[in-house]
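Subject: Structure for you, with notes

Hello,

Here is the structure I promised to pass on. My notes follow it.

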Amino acid sequence: MPDSSPDISTGPRILVVEDEPVINRAVTERLRGSGYDVTQAWDGPGAVALFAESVPDLVVLDVMLPGFDGHEVCRRIQAERPVPVLMLTARDDEADILVGLGVGADDYLTKPFRMRELVARVAALLRRVDRAAELAAVPASELGDLGDLRVDVGARRVWVAGAEVHLTPTEFDLLVRLAGDPGVVLTRESLYAEVWGWAGATGTRTVDSHVKALRAKIGADRVRTVHGVGYALEPGGAS
Ligand code: CA
């Protein structure tokens with residue numbers, strides 16, 4: 001049952017979507033204790049309805065839900081209004097994660113997770129939204145020579161060889177960070193810290209998964225992997 005009790009908190013609004021009562025309540029209590037204004041949904045349709053009603057700043061979204069799953073919820077809410085989404089998954093499964101990234105999830109936590117880590121990830125995602133506005137102020141000239149890759153930072157649009165490609169907010173921020181130093185290898189840890197704002201660096205698979213998704217959109221040879229180190233943008237495509 002949804003908790004519709006009035007909340008006097010004025011912190012950022014978070015929608016928690018989780019059908020397991022123990023986890024939903026624990027996450028909600030912890031986030032409320034951290035100053036967030038939290039609403040709860042317990043299934044797919046309820047999440048979509050409450051998203052429109054409560055206009056949250058961030059969504060914590062379980063994948064396995066009654067009605068329809070978290071991926072479908074993410075697809076529908078992102079189509080309505082871009083919002084940062086932290087997915088909760090039952091298993092550390094690459095295929096599952098890629099599906100989530102494809103529908104616009106920004107970060108992942110694999111169950112079981114520590115509440116402290118959840119709160120840190122939520123705070124980092126919200127900080128990233130603030131930083132996106134700062135990034136928008138970066139003049140295009142600071143992005144260096146990107147060959148036939150064109151990035152309009154202000155409008156958050158990207159073209160490859162004249163054709164526009166649609167990136168998720170996270171993919172875009174990742175691209176802008178890599179494009180800030182073309183050809184330079186950036187470590188997974190630094191990308192995680194700078195793009196996600198999360199200095200813990202335990203979830204480096206998140207970076208790998210987003211790079212994979214970015215490659216699928218802008219061309220695999222444009223992002224070079226330096227094994228065991230990190231990634232570099234190769235503007236003209238690696239030869
Ligand atoms: Ca579930």
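Strands E7 and E8 make a hairpin with two residues between them. Ala 161 sits in that turn and has a positive phi of about 50°. This is a predicted model, so please read every value here as computed from it.

Trp 159 has Glu 164 as its bridge partner in E8.

E7 also has a partner in strand E6. E6 (residues 149–152) and E7 (residues 157–160) run antiparallel and are joined by four bridges. Asp 152 stands opposite Arg 157 of E7. The E6 and E7 hairpin has four residues between its strands. Arg 156 there takes a positive phi near 55°.

Arg 157 has a further link. Its side chain meets that of Glu 164 in a salt bridge, 2.9 Å from N to O.

Now the salt bridges in general. The structure holds 15 of them. One network links Glu 18, Glu 20, Asp 62 and Lys 111.

Another salt bridge joins the side chains of Glu 171 and Lys 217, at 2.8 Å from N to O. Glu 171 belongs to helix H6 (residues 169–179) and Lys 217 to helix H8 (residues 204–218), so this pair ties together parts 46 residues apart in sequence. The accessibility values are worth a look. Glu 171 counts as buried because its relative accessibility is 0%. Lys 217 has a relative accessible area of 31% and is partly exposed.

Arg 224 and Glu 234 also meet through their side chains, in a salt bridge of 2.7 Å, N to O. Arg 224 is in strand E10 (residues 223–226), and Glu 234 is in the segment after strand E11 (230–233). The two residues are ten apart, and the pair links distant parts of the chain. Arg 224 is at 33% relative accessibility, so it counts as partly exposed. Glu 234 is at 17%, so it counts as buried.

Three strands form an open sheet in the order E9-E11-E10, with antiparallel pairing. E9 (186–187) and E10 are at the edges and have a single partner strand each, so one side of each is without a neighbour in the sheet. E10 and E11 pair over four antiparallel bridges. Arg 224 has Ala 232 as its bridge partner in E11. Helix H6 packs on the sheet and touches E9, E10 and E11. The direction of H6 makes about 75° with that of E11.

Last, helix H3 (residues 70–80). Which of its residues are buried? They are Gly 70, His 71, Val 73, Cys 74, Ile 77 and Gln 78. Viewed down the axis of H3, these residues fall within an arc of 155°, so they line one face of the helix. As a rule, an α-helix has 3.6 residues a turn, so residues three or four places apart point the same way. The buried residues of H3 pack against helices H2 (44–54) and H4 (94–102), and against strands E3 (58–62), E4 (85–89) and E5 (107–110). Asp 69 caps the N-terminal end of H3. One of its side-chain oxygens lies 3.1 Å from the backbone nitrogen of His 71.

Best wishes

Methods:
Residues numbered from 1 in each chain as written. Predicted model: local features only at pLDDT ≥ 70, side-chain atom pairs only at ≥ 80, totals over all residues. Heavy atoms only, no water. Salt bridge = Lys/Arg side-chain N within 4 Å of Asp/Glu carboxyl O. Buried < 20%, exposed > 50% of the residue type's maximum accessible area, 1.4 Å probe, protein only. Arc of directions from axis to C-beta. Contact = heavy atoms within 4.5 Å. Polar contact = N/O pair within 3.5 Å; in protein donor to acceptor, adjacent residues only side chain to side chain. Pairing = 2+ DSSP bridges. Axes fitted to C-alpha atoms, helices over the stretch in contact; angles between N-to-C directions.
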